[in-house]
Amino acid sequence: MKVADMVHLIATLKIKPGSIEALLSAAAPCIEATRKEQGCISYDLYRSTTDPNTLVFVEVWKSREALTLHFATEHLLKWKEQSVPHIVKRSAKIINSGEIEEI
């Protein structure tokens, strides 16, 4: 599979100060379950080295369909619900065949 055929998602989260431990704890089960999903190539969470209140998910999927199925999984919906009190701002972009879609 060529890189151009893969779907990438970059999600940036600006979090409330002091929320990092709660967010990492809530994210861990979602990350573990997502990595086992069919169509998931990689799913990683990074913390900014310049802003400790910024987290970035970098995801790579085999297809847009696999990503769409991910959006409906129980573990992702639970993570989103648990993260709401800690998130100040959320943005995400899907890169698919050179096209960028903001979600």
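**View 1. Asp-44 and its salt-bridge partner, Arg-35.** Asp-44 is partly exposed, with a relative accessible area of 23%; here buried means under 20%, exposed over 50%, and partly exposed in between (1.4 Å probe, protein chains only). Its partner in a salt bridge is Arg-35, and the closest N and O atoms lie 2.9 Å apart. A salt bridge is counted when a side-chain nitrogen of Lys or Arg is within 4 Å of a carboxyl oxygen of Asp or Glu. Arg-35 is also partly exposed, at 47%. This is a predicted model, in which local features need pLDDT of at least 70 and side-chain atom pairs count only at pLDDT 80 or more, while totals for chains, interfaces and linings use all residues. Residues are numbered from 1 along each chain as its sequence is written, and side-chain values use heavy atoms, with hydrogens and water left out.

**View 2. Two further salt bridges.** By the same rule, the count comes to 4 salt bridges. One of them joins Lys-14 to Asp-51, with 2.2 Å between the closest N and O atoms. This pair links distant parts of the chain, 37 residues apart: Lys-14 sits in strand E1 and Asp-51 in the loop between E2 and E3. Helices (H or I, at least four residues) and strands (E, at least two) are DSSP runs, numbered from the N terminus. Lys-14 is partly exposed, at 34% relative accessibility. Lys-36 and Glu-32 also meet through their side chains, at 3.6 Å from N to O. Lys-36 is exposed at 66%, whereas Glu-32 is partly exposed at 49%.

**View 3. The E2–E3 hairpin.** Strands E2 (residues 40–47) and E3 (residues 54–61) run antiparallel and are joined by 7 bridges; strands pair if DSSP finds at least two bridges between them. A hairpin of 6 residues connects E2 to E3. Look for Arg-47, whose bridge partner in E3 is Leu-55.

**View 4. The two sides of helix H3.** Leu-76, Trp-79 and Ser-83 are buried in H3 (residues 74–83). They lie on the same side of H3 because they cover an arc of only 60° around the axis, taken from the directions from the helix axis to the C-beta atoms. Glu-74, Lys-78 and Glu-81 are exposed on the face turned away from that buried side.

**View 5. The largest nonpolar core.** Such a core is a set of buried Ala, Val, Leu, Ile, Met, Phe, Trp, Tyr and Cys residues joined through side-chain atoms within 4.5 Å. Among its 23 residues, Leu-13, Tyr-43, Phe-57, Trp-61 and Trp-79 touch the most other members. H1 gives the largest share, 6 residues.
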